[in-house]
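Good morning, colleagues. Please turn to the sequence and the structure on the screen, and I shall take you through them part by part.

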Amino acid sequence: MVLDLSVLAIVFFLILADQAIKFLVVSLMELGESIPVFAGIFHITYIENPGAAFGLFANQRLVFIVAGILVIAAACLMYRRLMSEKAIIRWGVALLLGGAVGNLIDRLRIGGVIDFLDFRIWPVFNIADIGICVGVALLMYALIYDTEKEK
């Protein structure tokens, strides 16, 4: 088995970036504070989300912790198989894994997720959420593209 350092680098960079920026937000801002970057378009807004995307299923901490652990466990168990897959699949899993770990750290530490990216037309989110969404999008693209190619 060949160790793919790009996968590990993506996972660790995403976790590090996510946690470092969350640390800065918590250290420099008050909960609920919003700093306009581009007024009315993009703000840095510090909130703690006890639920999932859009605040759904608020205060279901145990469910989200178990889900995060299951995603991490699945990625670890499938590591050997993943390393033989195409780069887009490895990168998608790496982003999903890094995002899941970043948000799991928050859930274990404070019981919810620290969010701060506020585009005013969308619920506030964080770097880990971007990793999860882009990772899932890459995996869906690979699945759809490979399915179309086989037809």
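I begin with the contacts of the protein chain: among those with a separation of 6 or more, 66% are between residues 24 or more positions apart. Please keep in mind that this is a predicted model. The protein chain holds 5 helices and 3 strands, and along the sequence they follow the pattern α-β-β-α-α-α-β-α. Of the 151 residues in the protein chain, 38% are buried. The exposed surface comes to about 9200 Å², and carbon and sulfur atoms supply 74% of that area.

Let us turn to the sheet. In what order do the strands of the open sheet lie? The order is β1-β2-β3, and the pairing is antiparallel. The edge strands are β1, residues 34–38, and β3, each of which pairs on one side only. On average, and with direction ignored, neighbouring strands of this sheet are turned by 25° against each other. Between β1 and β2, which run antiparallel, there are 4 bridges. Across from F42 in β2 stands F38.

Helix α4, residues 87–110, lies across β2 and β3 and runs at about 125° to β3.

I now come to the aromatic rings. How many aromatic pairs does the model contain? The count is 3 aromatic pairs. One of them is formed by F42 and F119, with 4.6 Å centre to centre and 35° between the planes, a tilted arrangement. This pair links distant parts of the chain: F42 belongs to strand β2, residues 42–49, while F119 sits in the loop between β3, residues 113–118, and α5, residues 127–150, and the two are 77 residues apart. F42 has a relative accessibility of 13% and therefore counts as buried. F119, at 37% relative accessibility, counts as partly exposed. F119 also pairs with F125: the ring centres are 6.0 Å apart and the planes stand at 15°, so this pair is stacked. Here the cut-off matters, because planes under 30 degrees apart count as stacked. F125 has a relative accessible area of 17% and is buried.

Next, I would draw your attention to a residue of strand β2, namely H43. Is H43 buried or exposed? With 9% relative accessibility, H43 counts as buried. The side chain of H43 joins that of S34 through a polar contact of 3.2 Å. The H43 side chain also reaches the backbone nitrogen of G40, at 3.0 Å.

Which side chain makes a polar contact with the side chain of N126? The partner is the side chain of D115, at 2.8 Å. A polar atom of the N126 side chain also lies 2.7 Å from the backbone nitrogen of D129. If residues up to four places away in sequence are not counted, N126 touches D18, K22 and N103, together with V113, I114, D115, F116 and L117.

Finally, I consider L138, whose place is in helix α5. L138 has a relative accessible area of 24% and is therefore partly exposed. Which residues does L138 touch, not counting those up to four places away in sequence? They are I88, W91, G92 and L95. L138 and R90 are 48 residues apart in sequence, and their C-alpha atoms are 9.4 Å apart in space.

To close, I return to two points. Thank you for your attention.

Notes:
Residues numbered from 1 in each chain as written. Predicted model: local features only at pLDDT ≥ 70, side-chain atom pairs only at ≥ 80, totals over all residues. Heavy atoms only, no water. Phe/Tyr/Trp six-rings, centres within 6.5 Å; stacked < 30°, edge-to-face > 60°. Buried < 20%, exposed > 50% of the residue type's maximum accessible area, 1.4 Å probe, protein only. Pairing = 2+ DSSP bridges. Axes fitted to C-alpha atoms, helices over the stretch in contact; angles between N-to-C directions. Contact = heavy atoms within 4.5 Å. Areas by Shrake-Rupley, 256 points an atom, 1.4 Å probe, with all protein chains shown as cover. Polar contact = N/O pair within 3.5 Å; in protein donor to acceptor, adjacent residues only side chain to side chain.
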